[in-house]
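User: I am new to this structure. Could you walk me through a few of its features, one step at a time?

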Amino acid sequence: MVMVVAGHIGYNIMTVGELFPYYSFHVPLFMFISGYFYKESEEKHPFVYVKKKVCRLLVPYLAWNLVYGIVAWAMRAGGFAMGEEVSLRTLLLAPFLHGYQFIYNYAAWFVPVLFVIEMMNLFARMAVRWAMRRIQDMTDKDLEGVVEWLMLAGSLVVGMAVVWFAIGGHVWGNYKAFGRILFLFPCFQMGQFYNKKLEKYDKLGNLAYFAVVVGSQTILGVCCNGLAFSSVWCTGFANGPVIPYVTTVSGIAFWLRIAKLSEPLLKESRLVRYLGQHTFAVMMHHVMAFMLVKTVIAGIAVYTGYCADFDFGEFYTNIDYYYLVRGAEQFKMVYLAAGIMAPLGLHYCVERLKKRVLKRNAKV
């Protein structure tokens, strides 16, 4: 989540000297994590699983999407030229087509994609199990192994086909909605495959482990034409259909071991735990937190004359404009801190308000 927030302001604080560019693996990493925690038991009650995901992902996303539609309308009235009009299309359809309808919540495009992929995963696994049982009599243990290999291999073939078509210029317009889903679907399967097949073998010593991962990534960085790509727009695939998944694996592998080494130090941190439990809030609100920082700077420029080089034209029209005080790269830390802490603070306040309302209603 920190990588996503930092990536949106171009702050390469966690790229290990550009060795592991955020956009070579960080969105697939979200899918990997989601796949890792998928439980096969969900298939026993599929519609309960669907209901749970609707309540946890779609309902809060659509509710905040309405809020940001109103925010975008109010800000257009104030002179800002960003965000579309509120309509049934921008409220219900555009989130699944691109997610950039109101701009100020564009980072949350990932949520509807995750929902669709989780539904695809559920029903694809049920279909594969049903088909394999019809083809031949297999034990549940044998069936589990076959399912994992089929899901990973099949999804990778489709994902690499999407990259190949994207390089050829065939993934455009509304096709990008399907392209990003099919491209990210294998990353979800990688998480489940690692959980069931590989994690028990992840015992290589740290020195050898990092030598392999960092060495491989260094070779890729030297030999390839840039490792970053855009998952949301299915663009930037400069090295063919295989390398994006190779860098996904290498980036995830690097941070898996970093997480393993950091766990004894961070597991008791209340802030880390709270962030880990509320990444939805950060994903949804950090771009608006950036806008609040820029608004404060704009006010300083108007009323004090300081930050006189603040570009108001860009401020009103370009969500990706980030003013740096005195041009200092270090000022991006202010944006990063605001992008994480402001959404967490907002979530905390909303939860407190909900509890008060529920408590008051219970008394009535």
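Analyst: Glu118 sits in helix H5 and Lys53 in helix H3, so the pair links distant parts of the chain, 65 residues apart. Both Glu118 and Lys53 are buried. Keep in mind that this is a predicted model.

User: How many salt bridges does the rule give?

Analyst: A salt bridge needs a side-chain nitrogen of Lys or Arg within 4 Å of a carboxyl oxygen of Asp or Glu. By that rule the count is twelve.

User: Which residue forms a salt bridge with Arg129?

Analyst: Glu43 does, with the closest N and O atoms 2.7 Å apart. This pair also links distant parts of the chain: Arg129 is in helix H5, Glu43 in the loop between helix H2 and helix H3, 86 residues apart. Arg129 and Glu43 are both buried. They also belong to a network of salt bridges with Glu40, Arg125, Glu148 and Lys196.

User: What does the salt bridge between Asp202 and Arg257 tie together?

Analyst: Their side chains meet at 2.9 Å, N to O. Asp202 lies in the loop between helix H7 and helix H8, and Arg257 lies in helix H9, so the pair ties together parts 55 residues apart in sequence.

User: Is Asp202 buried or exposed?

Analyst: Buried means under 20% relative accessible area. Asp202 has 15%, so Asp202 is buried. Arg257 counts as buried too, at 2%.

User: Where is Thr90, and what does Thr90 touch?

Analyst: Thr90 is in helix H4, residues 88–97. Its relative accessible area is 2%, so Thr90 is buried. Leaving out residues up to four places away in sequence, Thr90 touches Asn65, Glu84, Glu85, Pro95, Gln101 and Phe102. Take Asn65: 25 residues from Thr90 in sequence, but 8.7 Å away in space, C-alpha to C-alpha. For polar contacts, look at the Thr90 side chain. It reaches the backbone oxygen of Glu85 at 2.9 Å. One of its polar atoms lies 2.8 Å from the backbone nitrogen of Ser87.

User: What span should helix H11 have?

Analyst: Multiply 1.5 Å by one less than the number of residues. H11 covers residues 279–304, 26 residues, so H11 should span 38 Å. The end C-alpha atoms are 36 Å apart, which agrees.

Note on methods:
Residues are numbered from 1 along each chain as its sequence is written. This is a predicted model: local features need pLDDT of at least 70, side-chain atom pairs count only at pLDDT 80 or more; totals for chains, interfaces and linings use all residues. Side-chain values use heavy atoms; hydrogens and water are left out. Helices (H or I, at least four residues) and strands (E, at least two) are DSSP runs, numbered from the N terminus. Buried means under 20% relative accessible area, exposed over 50%, partly exposed in between (1.4 Å probe, protein chains only). Contact means heavy atoms within 4.5 Å. A polar contact is a pair of N or O atoms within 3.5 Å; within protein, one must be able to donate a hydrogen and the other to accept it, and residues adjacent in sequence count only if both atoms are side-chain atoms.
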